[in-house]
Amino acid sequence: MMSRIYDEVDSGYAEACSDVTVCSNKKGFFKSLANEVVSIAESSGFLNTFDEIDERSKVKAVMENETIMTTLQTVFSRIEPIYRGKDARVSYERRIAAQAALKDNELPKALALASQAVLRATMTGVDEVIDGGVTLALALWVRSEVLLKMEKPNAALEDLKLALKERLPAKMRAQYYWRMGHCYKGAQERTRAKVSYELAGRLLGNNEEAKIQLQKDIESLEHISNESITKSSGITLTGGAKINIPALSKLVKITEEENKGRFVVANDQIKTGDVLLVDSPYAACLISDYYGSHCLHCFKRLEICDNGAPIWCSICSGVAFCSVECRDIAVTTYHPHECKFIDLFIGSGMSILSHIALRMITQAGLQTSLQIYSRYVNNGIKSVEGTIVNDIEGSAKKSRIKSRKERLHRSRKYHNNFADQNVNCETKSVEDKGSYQDKLEMTAAQIYSLCTHSISRKGRDYLKRVVMAMFLTECLKRGGFFNKLDMETEIKAETSICELIIHNLQLLQFNAHEIYETVRGQHQFSGSKPVYIAVGIYPTGALFNHECYPAVTRYFEGKKIVLRAIRPLSPGATVSENYGPHFLVRSYKERRRALACRYWFQCECVACREDWPTLKQMQSSTPYLRCPNTDCSSKFQANPKSMPKKCSKCSTVIDPKLIKLCMENIDECQTLYQEGAKLMDQENLDAVSSLCKGVNLFHEVATPPHRDTHLAQESLRVCFAASGNIYKLPEASI
């Protein structure tokens, strides 16, 4: 059994991903195009002056270069919608194949085929030659039977309701209510099951044999009791949420320094395990490799959705949604502007960051995007105005909000708009358009104050981003994004949107997060590994600075990022996360090279300053103890043969009796680590408590590097991730 049960043998949901034909079959053509433009710019001398051009004039300069534009227009003229459309004949064939698999009791295969039939079906009434125009309803009908046999009554029930909306033939109504009764019975809803069975009985007519069977089904309900299932409310922030930044715990605050910019520090004592951030993305995109296995909107794995089966887009067949709610949010915001170009985007070879740069436009719509451009990009002012301004402490505390009353109003509005961040997507209704625009408006100030390093960007790099932005703008144009504008206004709007995409591309390079799910085998912890399925940009999460020895670990609940402390922190300490290069697995030189290449900075964390050894190089040696003076940052190795009598930095006397007590605490830490390891072997989440207690105790008396403590912190990372997005591999695929 494959882990992606919907991608079996014959295409799966994302059939389009396997046979994309774009721009004369030149898959990945964009890289070649960008290199060609750069080559033209270099040979003509244009690139030499490009760096000196003001940033807001660069697009205009490219557009005025006749040679470059001739090359671009030659390629752009071939841009057209390329996507996997609907096909009633294919849907019919998949449905028949699903019925055959169902008859042979090959349920996973039947479900895959039935889902393909649903996603490929034309909309009701479009193609009446096949199935009388109700191909979709019949596909849903077959899938509901498969789901019921797979003991997924809630999902089967949703398909039945959708089939009725899609004009399921009236002659099937008796069977419809009968099957609905089975679904309610499986869902432990006795009253509704009985009502459904009784409705079926009224429609059976003179079929006495069927009525006898129906009566047996009704009698079987006597053994069913109505049950209510309480859904988990999700994780909560330790210490409660900040009023003006509900994604952030009260235990931390945002500060600002001239050389560091804005970053997060401890506002109070933080303990290992504390939840410091639960943030929803401003924009996020599923990686195209997972269009066939995850919901396009919420990124939930379709295979594990017990309350619903994959839902279709009315236009394309290249993506799927986990629920009607997710589908409706997508199709009322970003998806209509991207839908018909999905295969083109894949075939162009553009990066996932390019897709998010576009999504930041399509989710907002034209008018809101133009307002964002005018306010945060065109004026050249990097503003930190808005909801986070009253939390910033440091040298650059600024605000355009004049009165305390207005600040309070904005904070309350922000809190109300984001109060539903912990609501699961399957219970989320389609958002009011005005409310959705308010959310974007309230977070735009945060997103567009993030760093882009435009001044340091080389002309070659910038020019490639201009080409990508022009390509995406042309796709929007051909998709009708600017249709409501007159010709003169449209040209200005296209230029503005192009410049906004360029800005998005730059800030995403330094501020985006990869979203992962943890894939595991039969054991909850052993052998589990993160698999990156999407990328997003988080308005508050982007403010956490990097350290090669991070203070927090991250995991994801759906699209939400969660940061939890993996070591204690005192007030004022930097709350750091890790951008990729961790000292346990990469040497100082490797980390320095990776960070300079991707993020354009040199890390000065303690692991880099002291050039800590990697885990492989680290020995289980005598730990480093803290100076008895709590105001001193010095440390010394607790070696009995060469024990210092006083601190080399502050001259505080070191009492041997105190050293003995510290070593006893270290021994207790080791015991707690071992206890946590045993509990993890038993798949017992009480391991978290033991490991957290051990790490806290260690940092009271000692300081890293310490091999066993780092291993305990890595174990905590695995335990915390088990609370987020998890996919358990079927036994047959392990």
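Reader: How many helices and strands are there in the protein?
Author: Keep in mind that this is a predicted model. Helices here are runs of at least four residues and strands are runs of at least two. Counted that way, the protein has 25 helices and 13 strands.

Reader: What share of the residues count as buried?
Author: To count as buried, a residue has to be under 20% relative accessible area. The protein has 734 residues. The share of them that passes as buried is 54%.

Reader: How much of the accessible surface belongs to carbon and sulfur atoms?
Author: Start with the total, which is about 33,700 Å² for the protein. The part of that surface belonging to carbon and sulfur atoms is 48%.

Reader: Which strands stand at the edges of the open sheet of three strands?
Author: The order in this open sheet is β11-β10-β12, and the pairing is antiparallel. β11 (635-637) and β12 (702-703) each have a single partner strand, so one side of each is left without a neighbour in the sheet. The edge strands are therefore β11 and β12.

Reader: Which residue in β11 stands opposite Arg 626?
Author: Strand β10 covers residues 624-626, and three bridges join it to β11. The two strands run antiparallel. Opposite Arg 626 you'll find Lys 635.

Reader: Is strand β8 largely enclosed or left open, and how many of its residues are buried?
Author: β8 takes in residues 552-557. Val 552, Arg 554 and Phe 556 point one way, while Thr 553, Tyr 555 and Glu 557 point the other way, and all are buried. β8 is largely enclosed by the rest of the structure because its buried residues number six of the six.

Reader: Which residue in the turn between β8 and β9 has a positive phi?
Author: β8 is joined to strand β9 (residues 560-565) by six bridges, and the two run antiparallel. The strands form a hairpin with two residues between them, and the one in the turn with a positive phi, about 65°, is Gly 558.

Reader: Which strand runs parallel to β6?
Author: β6 (residues 512-520) is largely enclosed by the rest of the structure, because eight of its nine residues are buried. With strand β7 (residues 529-537), β6 pairs in the antiparallel sense over eight bridges, and there Ile 515 has Ala 534 as its bridge partner. Another three bridges join β6 to a strand that runs parallel, at residues 726-728. In that strand Lys 728 is the partner of Arg 520, and the strand is β13.

Reader: Does Thr 614 count as buried or exposed?
Author: Thr 614 is found in the loop between α22 (606-609) and β10. Leaving out residues up to four places away in sequence, Thr 614 touches Phe 583, Leu 584, Val 585, Arg 586 and Ser 587. Its relative accessibility is 11%, and the cut-off is under 20%. So Thr 614 counts as buried.

Reader: Which helix do the buried residues of α12 pack against?
Author: In α12 (residues 324-331), the buried residues are Cys 326, Arg 327, Ile 329 and Ala 330. Seen down the axis of α12, they fall within an arc of 165°, so they line one face of the helix. The partner these buried residues pack against is α13 (335-338).

Notes: Residues are numbered from 1 along each chain as its sequence is written. This is a predicted model: local features need pLDDT of at least 70, side-chain atom pairs count only at pLDDT 80 or more; totals for chains, interfaces and linings use all residues. Side-chain values use heavy atoms; hydrogens and water are left out. Buried means under 20% relative accessible area, exposed over 50%, partly exposed in between (1.4 Å probe, protein chains only). Accessible areas come from the Shrake-Rupley method with a 1.4 Å probe; for residues, only the protein chains shown count as cover. Two strands pair if DSSP finds at least two bridges between them. Contact means heavy atoms within 4.5 Å. The arc is that of the directions from the helix axis to the C-beta atoms.
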